[in-house]
Amino acid sequence: MRSEAHSGEWIDPARATLAPLAEREIVVLGYGSQGRAQALNLRDAGAGRRVRVWTRPEGPGARQAIADGFPLLGDDDLGCGDLYCCLLPDELHAEFLMRTLAPALTAAGREAELCFAHGFSLAFTPLGAAARRPPWREVFLVAPSGPGEDVRRARLAGGGVPAFLGVWHDASGEARQRAIGVATALGAFAAGVFATEVRTEAVVDLFGEQAVLCGGVSALLAAAFDTLVTAGYPPEMAYAECIQQLHLTVGLIERHGIAGMRARISPTARFGDLTRGPRIVGAATRSALRRVLEEIESGHFAHEWVEEQRRGAPRFAAAEREAVADPLEAAGREVRRRATRAVGDESRAGVGGGGDGPGKTGGEPPGGAPGAGSAAGENPVDS
Ligand SMILES: NC(=O)c1ccc[n+]([C@@H]2O[C@H](COP(=O)([O-])OP(=O)(O)OC[C@H]3O[C@@H](n4cnc5c(N)ncnc54)[C@H](OP(=O)(O)O)[C@@H]3O)[C@@H](O)[C@H]2O)c1
């Protein structure tokens, strides 16, 4: 397997500035998860001369944009922007930008800047080459590490979510500054802005969601549930133990790291973790992880996904139907119906406040002693 260093660096928050967006006509393309959050954050920050939205007129995004006070740009006005934030689905970028937006700009005799929230289409589709020439003056990435809902909620709370920043094409010499302007408006500097290559972001983001955040976690949860149920254990218990409580571990890792999580669970849980975990993620899983990474790096995954979309996504739809019909979903509905929201929220915020972690220790270990909590935590699924 190819082994190559991919560099990156944090950008000093003191460099945050909206100045590079001054007088820009900003057009947000798409008004879904990221589109809505970014349009609202850009507008609230006072970025550019104004912020306008283009999306398909018949969809829910269009209705939401109007409700949020954004006049929708029509197709005739599409070429009027200086800076476009492309927040359409990744698989549509190449087609839309090459066949619709670039010709509209050329017809209007204009050049423009283009910002993405994910490097997929630049790194892995023909758009990558097309985006290195006019009508594109600057092409860059400001990729928040979180869904749009978090981008917006964090900004409203005076913070932000971290973002990766990268430059793809820079005919003006100002692309990095422009990207810093967008990151500033989104609020990302409150949480950290990491500069890297666009392709690096694309690979790492895809790998993270396939290997862990979505693919790996979902498959492990389903397999663990199935193992218990096949062995004759009640589905509700299998769901509660293997799936419903995952957020407790994730919360501890988010706040304290993996070692910090281990310091807060019982010795029994910790011994099982350290001796059984490496058996579950053994040589076969590591080899599968390397293959998944290679498929991303080679462009194989991107090609497969774009082709699947082109054929009307039959395999994707069948896999989604099968996943929804999995018996764990029925067990989950029952467990969630019984779990009161109040207890769940308390548990999530609960380290040091009586919350319950795996191994039922709960609480900060006094003096940081590993596993020193009591067994008095509440079980979020017992109410
Ligand atoms: N969601 C995340 O967590 C996240 C995080 C970081 C980066 N990103 C990146 O952000 C970008 C946008 O993703 P998203 O999750 O925000 O997408 P999304 O929620 O699915 O929203 C997509 C928007 O594009 C519109 N749209 C869909 N098909 C269209 C078409 N054929 N023509 C015109 N408009 C169309 C949708 O319209 P309707 O409203 O009518 O459906 C919607 O407004 C992607 O590059 C993604 O990788 C997403």
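## Reading a ligand site and its surroundings

Mentor: Let's start at the ligand: a polar side-chain atom of Asp90 lies 2.6 Å from one of its oxygen atoms. Keep in mind that this is a predicted model.

Trainee: How much of the ligand does the protein bury?

Mentor: Compare the ligand taken alone with the ligand in place. Alone, the ligand exposes 890 Å², and the protein buries 73% of that.

Trainee: Back to contacts, then. Which backbone atom lies 2.8 Å from an oxygen atom of the ligand?

Mentor: For a polar contact, look for a pair of N or O atoms within 3.5 Å. Here a backbone N or O atom of Gly61 is 2.8 Å from a ligand oxygen. Tyr31 also has a polar backbone atom 2.8 Å from an oxygen atom of the ligand.

Trainee: Which residues come nearest, and how many are around the ligand?

Mentor: There are 22 residues around the ligand, and Tyr31, Ser33, Gln34, Gly61 and Asp90 come nearest. By class, the shell holds 10 nonpolar, 10 polar and two charged residues.

Trainee: Where does the ligand sit?

Mentor: In the second largest pocket.

Trainee: Let's move to the strands. How many bridges join strand 1 to strand 8, and do they run parallel or antiparallel?

Mentor: Read pairing from the bridges, then check the direction. Strand 1 (residues 8-10) and strand 8 (residues 193-196) run antiparallel and are joined by three bridges. One place to look is Gly8, whose bridge partner in strand 8 is Thr196.

Trainee: In which sense do strand 7 and strand 8 pair?

Mentor: Parallel: strand 7 (residues 163-170) pairs with strand 8 over three bridges. Leu165 stands opposite Ala195 in strand 8.

Trainee: Now the backbone angles. Which peptide bond is cis?

Mentor: Check omega. The bond from Pro134 to Pro135 is cis, with omega near 10°. You'll find Pro135 in the loop between helix 5 (127-130) and strand 6 (136-144).

Note on methods
Residues numbered from 1 in each chain as written. Predicted model: local features only at pLDDT ≥ 70, side-chain atom pairs only at ≥ 80, totals over all residues. Heavy atoms only, no water. Near = heavy atom within 4 Å. Polar contact = N/O pair within 3.5 Å; in protein donor to acceptor, adjacent residues only side chain to side chain. Areas by Shrake-Rupley, 256 points an atom, 1.4 Å probe, with all protein chains shown as cover. 1 Å grid on protein atoms, 1.4 Å probe; cavity = no way out; pocket = protein on both sides within 12 Å on 5 of 7 lines; lining within 4 Å. Sits in = over half its atoms within 2 Å of the grid points. Nonpolar A, V, L, I, M, F, W, Y, C, P; charged D, E, K, R; others polar. Pairing = 2+ DSSP bridges. Helix = DSSP H or I, 4+ residues; strand = E, 2+ residues; numbered from the N terminus.
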